[in-house]
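Thanks for coming. I will go through the contacts in this complex, starting with the DNA and ending with the protein interface.

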Protein chains: 2
Amino acid sequence: MTSPAAQPRTCSVARTLELVGEKWALLAIREVFLGNRRFDEMTRCTGAPRDTLAARLRTLVAAGILERRQYSEHPARFEYHLTEAGRELYPVILTLMRWGDTHLAGDGGPPLLLEHHCGHRLVAEVTCEACGEPVAAGSTRRQR
Amino acid sequence: MTSPAAQPRTCSVARTLELVGEKWALLAIREVFLGNRRFDEMTRCTGAPRDTLAARLRTLVAAGILERRQYSEHPARFEYHLTEAGRELYPVILTLMRWGDTHLAGDGGPPLLLEHHCGHRLVAEVTCEACGEPVAAGSTRRQR
DNA sequence: AGACTGCATCCAGAATCCAGACTTACTAGG
DNA sequence: CCTAGTAAGTCTGGATTCTGGATGCAGTCT
């Protein structure tokens, strides 16, 4: 009889990381966002071992984040597309990228720049959907 | 002489994930955001093995994301605080949480609700710092 | 004192990751 | 026809990492 359970917090962060937190998963998703939908190209651009990448793609497809589409019949060939749920991971990629741009960019500045359709270089900011103000670490508290 | 190098893309996403992409790292950071700064509490709330958590905390401190502060002299006791760089990971946590809330919340809805200081429940949105508009998957392109 | 808490490390086995070779089926070049 | 090359994986065996006790240590609670 040790103390009562004290089971780990169930939390959306934890649940999300169970799906996309494994090594290479988010990099594979990044590649699809960049338009590289094919296996070989992904291995080249991410540096992931082919085996690991294959496993990751399988779990991402199973999780409904990617969709595997055949683009060639006879030598059966497939490419990976984002589902709606997958597309909604873009904010995650963008905030990771923003942090790296700020804290890890070397001399040459950020290695990859994105342009928002408003014409400016994209700097991703997280705001409160209700009031539109930026959200900083100290500006939230637990509800209820 | 195979084809030219074709080395993996250097990218802020990849670099950031090298620091915070290991298992449990982001959950440890989440705990610090929630105010749980002590080792044992973190193991309880995350479910991470003690050894693994200890290793993760070390790398996060080395990366300048957490700071280890002594709060007791004689039984030397430490707690972990976010550095400025660490605090700036809040957007990453929030976007992960938002995705999980949207796609993985069970019957009971999101397990943890945050309130923005504007008074509304926080729903995190990623916007373009320049124009303030939300950023969707299709609304960006590579610059240059 | 004895039980308990908080932090950390050691260990052995399990799971995962890794690099490179291999497979299969087709296309292109000579 | 023969040889290369490409694409999407799979196989293999070895390296690395993760995991869950057990252990230690120092102080607090009863």
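There are 21 residues around DNA strand C, and those that come nearest are Trp24(A), Arg56(A), Asp51(B), Arg68(B) and Arg77(B). Of the atoms of DNA strand C that come within 4 Å of the protein, sugar and phosphate account for 62%. Please keep in mind that this is a predicted model.

Some individual distances to phosphate oxygens of DNA strand C. For Arg56(A), a side-chain N or O atom is 2.7 Å from a phosphate oxygen. For Arg68(B), again a side-chain N or O atom, the distance to a phosphate oxygen is 2.4 Å. Asp40(B) uses its backbone: an N or O atom there lies 3.0 Å from a phosphate oxygen.

Which elements give two or more residues to the surface near DNA strand C? From chain A it is helix H4, residues 50–62; from chain B they are H3, helix H4 (50–62), strand S1 (66–72) and strand S2 (77–82). H4(A) gives the most, with four residues. By class, this surface has 12 charged, seven nonpolar and two polar residues.

Now the protein interface. On each side of the contact between chain B and chain A there are 78 residues. The two chains bury about 6,900 Å² between them, with 64% of that on carbon and sulfur atoms. In chain B, the residues that lose the most area to chain A are Arg9(B), Trp99(B) and Gln143(B), which together make up 11% of what that side buries.

On the polar side, 25 residue pairs are in polar contact between chain B and chain A, counting pairs with both residues at pLDDT 80 or more. Several elements of chain B give two or more residues to the side that touches chain A, including helices H1 (12–20), H2 (25–33) and H6 (90–103), and strands S3 (114–116), S4 (124–128) and S5 (140–142). H6(B) gives the most, with 14 residues. By class, the residues on that side divide into 42 nonpolar, 20 polar and 16 charged.

The rule finds five salt bridges across this interface. One salt bridge joins the side chains of Arg141(B) and Glu115(A), at 3.0 Å from N to O.

Last, the strands. How many bridges pair strand S3 of chain A with S5(B)? Three, and the pairing is antiparallel; S3 of chain A covers residues 114–116. Within this pairing, Leu114(A) has Arg142(B) as its bridge partner in S5(B).

That is what I have; questions are welcome.

Definitions and conventions:
Residues numbered from 1 in each chain as written. Chains lettered and ligands numbered in written order. Predicted model: local features only at pLDDT ≥ 70, side-chain atom pairs only at ≥ 80, totals over all residues. Heavy atoms only, no water. Contact = heavy atoms within 4.5 Å. Buried area = accessible area lost by both parts, 1.4 Å probe. Salt bridge = Lys/Arg side-chain N within 4 Å of Asp/Glu carboxyl O. Polar contact = N/O pair within 3.5 Å; in protein donor to acceptor, adjacent residues only side chain to side chain. Nonpolar A, V, L, I, M, F, W, Y, C, P; charged D, E, K, R; others polar. Pairing = 2+ DSSP bridges. Near = heavy atom within 4 Å.
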